[in-house]
Amino acid sequence: DPLDESGNFGTLDIIMALTWVRKNISRFGGDPENVTIAGQSAGAYNVYALLLSPLAQGLFRQAIAESGPQMTTTAVDKGRETAADILTRLLIKEGYIPAESASAAFLAQRDDAWIAAYLRSKSVPALYALLTPALGGGLGGLFPPFEDGTVIPTGGWRNFISGHYNQVPLIVGANKDEVKLFLPYIISERDDAGLHDLATAFDPDHPNMEILHVCTRMAINPLLIPMYEPLSQ
């Protein structure tokens, strides 16, 4: 099933929700022909994925993306490699194999059903422990949408530049104070010496410091600049 093979389950969940809305919103007084999708931060990333996906065509009339990170996409094979690495580390941790080099031979003697049952028997914390921690205890090392050719077209985000996406009226913006949410995490990852340097170097009249660079990266989406280049001229 190309949908199962895509790895884009988050995007597929949203498409399923929008399909439900289209079928049922009129019963709640809504207009299925006038649906707006909106997202902020990671939600804006989801908006971009829906703009790219041919499966979402016709499910919304306009879109709003606030403070979205730079849109990127990745190859399905990268996701498969990471999944295989997680499985191998789990097998080593639980004593099924002595080292990474033994993984291929061990798995060659098991079918897909065994692997699926094995992974589904694990608790969420056991699987999370194998992922890279991110800012504030979140999950790192996760992938943007996969260029699977079905949910997300081949070429991924570059389709925005070539005009091959669901072209609807679009508002793109940035939330001025969004990064205040993340500042405690950024600061808490510093040691005492780092906090001292941060405090003594801060000049409110000339705040060109690391945190502001982080804020800039989070608040601006350079991908969308080429889409609006004629307007900027």
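**A guided tour of the predicted model**

Begin by selecting helices α4 and α6, which are roughly perpendicular to each other. The model is a predicted one. Helix α4 covers residues 76–93 and helix α6 residues 112–120; their axes come within 12 Å and cross at roughly 70 degrees, and that counts as roughly perpendicular because the class runs from 65 to 115 degrees. Next, display the side chains at the crossing: α4 contributes Leu87, Leu90 and Leu91, while α6 contributes Trp114, Ile115, Tyr118 and Leu119. By class, this contact consists of seven nonpolar residues, with no polar and no charged ones.

On the α2 side, select Thr11, Ile14, Ile15 and Leu18; they meet Asn46, Ala49 and Leu50 of α3. Five nonpolar and two polar residues make up this contact, and none is charged.

Setting aside neighbours within four places in sequence, Thr11 is in contact with Ala49, Leu50 and Val151.

The next selection is the largest nonpolar core, which has 23 residues. Leu18, Ile37, Leu50, Leu51 and Phe60 have the most contacts inside it. Colour α2, α3 and β2 (62–66), the elements that give two or more residues to this core. Which element supplies the largest share of this core? The answer is α3, with eight residues.

Select Ile37 next and show its surroundings. Not counting residues up to four places away in sequence, Ile37 touches Leu18, Val47, Leu50, Phe60, Gln62, Ala63 and Ile64. Apart from the core described above lies another, of 10 residues, including Leu90, Ile97, Leu107 and Leu130. In soluble globular proteins, nonpolar side chains tend to be buried together.

Finally, colour the protein chain by pLDDT. The chain has a mean of 84, and 85% of its residues reach 70 or more. Among its elements, α2 has the highest mean pLDDT (97), whereas helix α12 (residues 229–232) has the lowest (38). End at residues 214–233, over which the pLDDT is below 50; beyond near neighbours in sequence, this stretch has 27 contacts in the model.

Terms used:
Residues are numbered from 1 along each chain as its sequence is written. This is a predicted model: local features need pLDDT of at least 70, side-chain atom pairs count only at pLDDT 80 or more; totals for chains, interfaces and linings use all residues. Side-chain values use heavy atoms; hydrogens and water are left out. Contact means heavy atoms within 4.5 Å. pLDDT is the predictor's confidence in each residue, from 0 to 100. Helices (H or I, at least four residues) and strands (E, at least two) are DSSP runs, numbered from the N terminus. Ala, Val, Leu, Ile, Met, Phe, Trp, Tyr, Cys and Pro count as nonpolar, Asp, Glu, Lys and Arg as charged, and the others, Gly among them, as polar. Axes are lines fitted to C-alpha atoms, for helices over the stretch in contact, and angles run from 0 to 180 degrees between N-to-C directions. Angles under 35 degrees count as roughly parallel, over 145 as roughly antiparallel, 65 to 115 as roughly perpendicular and the rest as oblique. A nonpolar core is a set of buried Ala, Val, Leu, Ile, Met, Phe, Trp, Tyr and Cys residues joined through side-chain atoms within 4.5 Å. Buried means under 20% relative accessible area, exposed over 50%, partly exposed in between (1.4 Å probe, protein chains only).
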